[in-house]
Amino acid sequence: MIFKRLRFLLPLLLFVMFGNAQTDSVFIKKIYDEALDKGQAYNNLHYLCKQIGNRITGSAEAEMAVYWGKRLMESYGFDKVYLQEVNVPHWERGTKESAWILNKKGEFVKINILALGGSVGTNGLLEKEVLVVPNIEILKKLNREIIAGKIVYLAEAFDAKNISTFTSYGQCGPQRWSGPAEAAKLGAAGLVIRSLGSEIDEYPHTGVTGSEEGVEQIPCAAISTADSDKLELWAKEGKLKIRMEMDCRLFENAISYNVIGEMTGTKSSEIISWGGHLDSWDVGEGAHDDGAGIVHSIEALRILKVLGYRPNHTLRCVLFMNEENGNFGGKGYAEQSFKKGEKHIAALESDRGGFLPLGFDIEGSADQVSFVQNIAKPLQKDFQLYTFEAGYSGTDIHPLIEYYPDMMQLGLTINSQLYFNYHHTNADVFEAVNQRELELGCAAMTAMVYLLDQNLK
Ligand SMILES: [Zn+2]
């Protein structure tokens with residue numbers, strides 16, 4: 001008799017002592033088991049990388065990726081799968097893309113170059129003297145007479161002393177984002193930058209660049225860090241020229257889509273959404289950036305579905321289009337959500353590659369940061385996720401904050417040491433992603449979605 005009673009009393013006692021922590025830990029273990037033992041993310045990433053490949057907004061491959069994402073989510077039997085139309089820019093690299101340094105011996109040395117996204121072409125061969133400028137702040141202070149008619153080379157390198165490589169990216173990022181416009185204001189004929197990469201190698205890193213209204217657009221490109229070292233050394237020895245040819249250009253805007261999969265909430269119509277971006281740069285295979293975030297996100301909804309989870313809130317996985325050169329998918333999603341009268345309470349993003357997850361950066365009020373730190377406790381010891389600090393969430397979900405200022409946002413944070421070896425280069429291929437690390441990322445995303453759904457009012 002006493003044993004019979006204990007059978008009922010013990011779980012109740014445990015519940016009183018530990019709240020939901022016990023049941024959370026049991027369910028989170030199931031999430032990890034599914035991700036690590038029966039995970040589908042790695043195979044899905046293989047298909048996206050090898051059967052479709054890189055997929056810049058407006059390309060045939062981007063369209064293929066949209067229908068691949070939709071079919072895949074339909075095959076998992078989510079409550080709703082649909083496309084959301086967005087108007088997007090359409091830029092193409094073209095076929096010609098070459099550059100040479102003319103050194104003081106009169107030799108042409110071929111260098112590895114990638115046009116920056118949004119650049120205009122060179123309209124035939126462009127050959128000009130190079131002016132090496134250490135960084136964009138110094139460029140802004142130079143006189144027009146020194147710059148006019150030259151190709152400006154911006155030389156700021158990744159600071160190896162930062163532990164997070166994203167800090168280094170943030171520091172030298174402005175030379176790519178606003179370098180071309182600043183050089184053009186002073187009459188430069190073109191702009192070449194040292195790649196925003198952490199390793200010395202032969203891969204140039206592309207990426208989006210901005211333009212300013214009323215400022216003429218000039219051709220702009222990145223060269224590999226190995227070629228940058230060469231150029232910087234030779235520039236100390238005498239005058240150099242760069243000869244370059246690119247035929248990239250901007251076309252009319254195109255129609256594309258965000259791809260959305262949902263499980264309907266059983267207690268609330270409020271929405272927790274998460275995602276990554278389906279588009280990539282037009283080099284490599286967009287494996288880490290952001291194929292990994294795409295398969296992390298789809299896998300999170302799949303795992304909850306196969307575990308028979310019945311969500312309190314509506315759970316929504318979004319494959320965003322056009323993060324790389326305009327973020328029109330993210331902006332369109334936020335705007336259309338608001339117009340429909342939806343209520344968004346939390347959003348998560350994975351856009352830092354398929355590396356070993358460490359936790360989440362939290363964007364929100366101090367109370368929201370401590371709320372996440374508190375609910376994340378079951379993730380610490382058993383699942384080795386320890387980083388839950390205030391920080392940046394992600395570009396795709398960020399526009400939601402404008403419409404829903406009270407919501408919280410989380411960005412999956414990973415071991416960033418190798419990310420900028422691959423970012424926006426031909427080296428960002430499927431083989432650069434480790435299956436185990438990718439699957440741990442899937443489990444981390446799923447577990448955090450589960451904890452938010454359980455603990456948010
Ligand atoms: Zn990305």
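**Note on the predicted protein chain**

1. The protein chain carries 45 positive and 59 negative side chains, and the centres of the two sets are 4 Å apart. In this count Lys and Arg are positive and Asp and Glu negative, while His and the chain ends are not counted. Each charge is placed at NZ of Lys, CZ of Arg, CG of Asp or CD of Glu.

2. This is a predicted model, in which local features need pLDDT of at least 70 and side-chain atom pairs count only at pLDDT 80 or more, whereas totals for chains, interfaces and linings use all residues. Residues are numbered from 1 along each chain as its sequence is written, and side-chain values use heavy atoms, with hydrogens and water left out.

3. On confidence, the mean pLDDT of the protein chain is 95, and 96% of its residues reach 70 or more; pLDDT is the predictor's confidence in each residue, from 0 to 100. Over residues 14-18, pLDDT stays under 50. For that stretch the model has three contacts beyond four places in sequence, a contact being heavy atoms within 4.5 Å.

4. The protein chain contains 16 helices and 16 strands. These are DSSP runs numbered from the N terminus, helices being H or I of at least four residues and strands E of at least two. The radius of gyration is 24 Å, close to the 23 Å that the globule rule gives for 457 residues, so the protein chain is as compact as a globular protein of that length. The radius is taken over C-alpha atoms, and the rule is 2.2 Å times the number of residues to the power 0.38. Along its principal axes, the C-alpha trace spans about 100 × 45 × 40 Å.

5. Of the 457 residues, 55% are buried. Buried means under 20% relative accessible area, exposed over 50%, and partly exposed in between, with a 1.4 Å probe and protein chains only. The accessible surface comes to about 19800 Å², and carbon and sulfur atoms account for 52% of that area. Areas come from the Shrake-Rupley method with a 1.4 Å probe; for residues, only the protein chains shown count as cover. Among contacts between residues at least 6 apart in sequence, 82% join residues at least 24 apart.

6. Asp227 belongs to helix H10, residues 225-237. Its relative accessibility is 1%, so Asp227 counts as buried. Leaving aside residues up to four places away in sequence, Asp227 touches Ile111, Asn112 and Glu202.

7. Two loop residues may be described next. Lys161, in the loop between strand S6 (151-154) and helix H7 (165-172), counts as exposed at 70% relative accessibility. Its C-alpha atom is separated by 14 Å from that of Gly197, 36 residues apart along the chain. Gly364 lies between strand S14 (357-363) and helix H13 (366-375) and is partly exposed at 42%. Gly364 and Pro311 are 53 residues apart in sequence and 23 Å apart in space, C-alpha to C-alpha.

8. Most residues other than glycine have a negative phi, and most peptide bonds are trans. Asp289 and Asp290 are joined by a cis peptide bond with omega of about 0°, and Asp290 is in helix H11, residues 287-306. Asn322 has a positive phi of about 70°, and phi of Asn327 is near 60°. Asn322 lies in the loop between strand S12 (314-320) and helix H12 (328-339), and Asn327 is found in the loop between S12 and H12. Asn322 is buried at 0% relative accessibility, and Asn327 is buried at 9%.
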